[in-house]
Amino acid sequence: MEKKWWHGKVAYQIYPKSFLDSNNDGIGDLGGIIQKLDYLHDLGIEILWLSPIYPSPFYDQGYDIKDYYDIDPTFGTMQDFDLLLEKAKKLNIKIVMDLVLNHCSIEHIWFKKACLDVNLKEASYFYIREGKNGQPPNNQRACFGGSVWDKLPNHDNLYYAHFFTKEQPDLNWFNADLRAEMYKIVNFWLDKGVSGFRIDAIMCIAKDPNFPMYESDSEDGTCSHLRMNKENIKVAYDFIRDLRDNTFKKHKDSIAIAEAFGVLDEDLSIFIGDDGLFDCIFDFSAREAVASYHSFYGYKMLSVKEYKDAIFSMQKRSNNTGFVCPLFENHDEPRGVSTYLPKAWQNDIGAKALALITLFLRGMPFLFQGSEIGMQNTKFESIDEFDDILSKNEYKNSLEHGLTKELALDILNVHARDHGRTPMLWDDSEYAAFSTHKPWMKVSSFKDKINVKAQLEDKNSILNFYKTLIALKKDERFNSCLTYGDFVEIESRSDDTIAYKREGSYIDIYVIANLGLSDISYTFDFNFDIIISNDLSLVLKDKNTLYIKRGGALAFVHKK
Ligand code: GLC
């Protein structure tokens, strides 16, 4: 495999609105990110992905872009962004932006023009179709619920397609002028010095421009847009190949990381690897296992075994192909500690185990702001405390399906995207030192127990555990094995054990976590050295035997 600068590094996602507010308006900003670069550098982070910071009306929190070439004033100015690039460079931190290619905003000038006159060139940048007998052109259901069609303003029987909210009109990738515009955007930022992009909702550009009717998969007669995306995925491959050749390929050291759900086994080598369309893709296998139903109320919680099977299957699939990005949370997901760990281990011990399991997997792991202190889901007391458009739609949907208000709220308290969007917990003050102004989102009540300040002072904290883990990944004794070593599952001692090894040329590194309620032991026929454990009292080594108490997790090295 060709070696790349990002191999072996740990990346970190910032959700700018909720990271740190430097001008005290209650909303996070670029100034806040700049202030915390040293903190991130100390943690060992070398790549930062920023969720969208472009001008936006924020119907979907910036994933509805109205100008791809500027910075939203809420976050600062282009000068602030340049300063961020400059300061990050000094600390060897690369900046990765978010690229939303599937749709823009209803406030983008292209869409405004399309609404004025469908004969204008810009109208052909969108999917505009005639309705049928007073109904939308077909029966596809949008990602956030409802039809993918809405009436084009100022027109009687014309509809535009949007696979997300109605404020996010989908862009027509079949149009060569539109594609050229998108390449220009990517090159603009790469020329400016950003190191690459996280590419949003990429599977959605796979469309059938005829928009046929689909067999329904829901009682309301609609069919998920995913069906069209799946059936037309080859169209997307052509578009992306062209995008790659006109942008990323020309910027030799750039990185493209895709948000790609539902990648089939046989297609993985199209996505990643030396000739992949992308450098890597996020591993959403655990998320996909949770979200196998189209509404939150049908989502399921995974057992430790189901979680393990999901992440291990992607590791095995990608072993000989390329790199994925292991992660257990992001801005579209509830907190990993609350989602994937059994109740008994939703604490420091479990958070450290999850960190170890994730960071030593093969690929480029992504932390999400707050992962490093073990942030958990916040308790929202009423629907009014939620911000996300999806949460509001899901609540409505639950009620329409006969669930009580209490149950609908409980479901959001488990699955809502808002959990990843509450302000970062810097200390235990009223607004957690995120701002001195009331924040745009509720501050987690966990701030008293879980915050950066307290954890910096405690040498046994989750934060310091992450620092050690990342330092071990960079340690020249382990770096090659942890970067390029194959992933191999090792036998579990129970359904609640997660155990694997990374096979290097000279060493193997084993990771074992006991997330059950009974103690386990392993005897090996070789000598080994423990390099890290989540809690010294939970792990005991006697000659070649390991005793791992309930909750214990460790990594050890076997020199071959
Ligand atoms: C991606 C983003 C998500 C957004 C959606 C539509 O999944 O991560 O936050 O809502 O795309 O842009």
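Student: Which residue forms a salt bridge with aspartate 217, and how far apart are the closest N and O atoms?

Tutor: Side chains of opposite charge can pair when their charged atoms come close. In this predicted model, aspartate 217 forms a salt bridge (a side-chain nitrogen of Lys or Arg within 4 Å of a carboxyl oxygen of Asp or Glu) with arginine 141, and the closest N and O atoms are 2.9 Å apart. The pair links distant parts of the chain, 76 residues apart, since aspartate 217 sits in the loop between strand S8 (196-200) and strand S9 (223-224), whereas arginine 141 belongs to strand S5 (residues 140-141). Strands here are DSSP runs of E with at least two residues, numbered from the N terminus. The structure holds 36 salt bridges.

Student: What limits apply to these values?

Tutor: Because the model is predicted, local features need pLDDT of at least 70 and side-chain atom pairs count only at pLDDT 80 or more, while totals for chains, interfaces and linings use all residues. Residues are numbered from 1 along each chain as its sequence is written, and side-chain values use heavy atoms, with hydrogens and water left out.

Student: What is the strand order in the open sheet of five strands, and which strands stand at its edges?

Tutor: Strands of a sheet pair through backbone hydrogen bonds, either parallel or antiparallel. Here the order is S14-S15-S16-S21-S18, with antiparallel pairing, where two strands pair if DSSP finds at least two bridges between them. Strand S14 (486-489) and strand S18 (529-533) stand at the edges with a single partner strand each, so one side of each is left without a neighbour in the sheet. Ignoring direction, neighbouring strands of this sheet are turned by 20° against each other on average, the axes being lines fitted to C-alpha atoms. Within the sheet, strand S15 (residues 497-503) and strand S16 (residues 507-514) pair in the antiparallel sense over seven bridges, and tyrosine 500 has valine 511 in S16 as its bridge partner.

Student: Which residues come nearest to the ligand?

Tutor: Of the 13 residues around the ligand, Asp60, His103, Asp200, Glu259 and Asp332 come nearest, a residue being near if one of its heavy atoms lies within 4 Å. For polar contacts (pairs of N or O atoms within 3.5 Å), a polar side-chain atom of aspartate 332 lies 2.4 Å from an oxygen atom of the ligand, and one of histidine 103 lies 2.8 Å from a ligand oxygen atom. Taken alone the ligand exposes 310 Å², of which the protein buries 96%, with accessible areas from the Shrake-Rupley method with a 1.4 Å probe.

Key: Polar contact = N/O pair within 3.5 Å; in protein donor to acceptor, adjacent residues only side chain to side chain. Helix = DSSP H or I, 4+ residues; strand = E, 2+ residues; numbered from the N terminus. Axes fitted to C-alpha atoms, helices over the stretch in contact; angles between N-to-C directions.
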